[in-house]
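Colleague: Could you walk me through this one? I'd like to go through the helices and the sheet with you.

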Amino acid sequence: MSAPSDQSLPDQSLPDFATRRAEARSALDALDPAMQADTPDFDPLRREWFETVYARAGGDPACVPWANLAPHPLTKDWVDTQARGIVGMSVLDVGCGLGDNAEYLAAAGADVVAFDLVAGAVDWAKRRFPETKVDYLAGDLFSLPAAWMGRFDLVHECYTLQALTPALLPRALDALAALLAPAGRLLIVARAAGESDDVSGPPWPLRPSFFEAAQDKLKILALEDITATAKVGRRHWRALLAPAHP
Ligand SMILES: C[S@@+](CC[C@H](N)C(=O)[O-])C[C@H]1O[C@@H](n2cnc3c(N)ncnc32)[C@H](O)[C@@H]1O
């Protein structure tokens, strides 16, 4: 299966793409309150910073540090290896960014809703995929529509949990768990750190204790500790969880 292509994309292999990304990354780091020692009381949502990322990019995906313009290999591989497929599943993509994962899930036959904190990201995803079947919406994981509770067969998140201030993670888990249908699944793709590794985020790679804490609400069906490869670059988790008390 292939994801819908966006013909207007710049070539990521060209050196100027890498240069623009590196320049954008350092400018954005300088604006990120979580990176500054003198702003300890910053908004834990970092809403203003996420909005700035997409606004400053001015339509250039090189300037959105996480925009890989393709589904994440661990998401893609998971979708491709589902024996029964995901056709007809009700899927939610959390923090969808520019939409590549949501599009891949939809191309596999799922009925996909995708949301992001930043309206500008959602608008950009819609412009990239004008024929999309994905229902893109602006929304905050911590303030979601009541109609979404208990509704989704699959909730997918890629790199959104690790982008959250760690103090928000317990609430994030509650919010994700609440979205699952009784037989629903939560698929997490995130960078991984050991319990005693130094982590100086953002992003904040998830530690094993995150998954231990998750077991209050969720049952871990699979937790893959994926070492760095050419495909994923650094150590990652791919985790599949289900409601603990369906
Ligand atoms: C690191 S990016 C990952 C984007 C996308 N999932 C991907 O893999 O390319 C994290 C995304 O989460 C969004 N985000 C951050 N906090 C959020 C929240 N509270 N609710 C919804 N989205 C959020 C950001 O705007 C950003 O687009």
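Modeller: Happy to! Helices here are DSSP runs of H or I with at least four residues, numbered from the N terminus. By that rule A107 is placed in helix α4, residues 100–107. Bear in mind that this is a predicted model.

Colleague: How does A107 count by its relative accessibility: buried, partly exposed or exposed?

Modeller: Buried means under 20% and exposed over 50%, with partly exposed in between. A107 has a relative accessibility of 36%, so the residue counts as partly exposed.

Colleague: And how far apart in space are A107 and K133, C-alpha to C-alpha?

Modeller: Along the sequence, A107 and K133 are 26 residues apart. In space, their C-alpha to C-alpha separation is 8.6 Å.

Colleague: Let's turn to the helix pair. How do α1 and α2 run to each other, roughly parallel or roughly antiparallel?

Modeller: Helix α1 covers residues 15–31 and helix α2 residues 47–57, and they pack at an angle of about 150° with axes 10 Å apart. An angle over 145 degrees counts as roughly antiparallel. The two helices are therefore roughly antiparallel.

Colleague: Which residues of α2 are met by α1, and what classes make up that contact?

Modeller: From α1, the residues involved are A27, L28 and L31. Their counterparts in α2 are W49, T52, V53 and R56. By class, this contact has five nonpolar residues, one polar and one charged.

Colleague: Nice. On to the sheet: which strands stand at its edges?

Modeller: Seven strands form an open sheet with mixed pairing, in the order β3-β2-β1-β4-β5-β7-β6. Each edge strand has a single partner, so one side of it is left without a neighbour in the sheet. Those edge strands are β3 (135–138) and β6 (218–226).

Colleague: In which sense do β1 and β2 pair, and what stands opposite V94?

Modeller: Strand β1 spans residues 90–94 and strand β2 residues 111–116. They pair over five bridges in the parallel sense. Opposite V94 stands a residue of β2, F115.

Colleague: Which helix lies across β2 and β3?

Modeller: This helix spans residues 119–128 and runs at about 160° to β3. The helix is α5.

Colleague: Last one: what covers the buried residues of α6?

Modeller: In α6, residues 169–179, the buried residues are L169, A172, L173, A175, L176, A177 and L179. Their cover includes the helix α7 (208–214). Strands contribute too, among them β1, β4 (152–158), β5 (180–191) and β6.

Key
Residues numbered from 1 in each chain as written. Predicted model: local features only at pLDDT ≥ 70, side-chain atom pairs only at ≥ 80, totals over all residues. Heavy atoms only, no water. Axes fitted to C-alpha atoms, helices over the stretch in contact; angles between N-to-C directions. Parallel < 35°, antiparallel > 145°, perpendicular 65-115°, else oblique. Contact = heavy atoms within 4.5 Å. Nonpolar A, V, L, I, M, F, W, Y, C, P; charged D, E, K, R; others polar. Pairing = 2+ DSSP bridges. Buried < 20%, exposed > 50% of the residue type's maximum accessible area, 1.4 Å probe, protein only.
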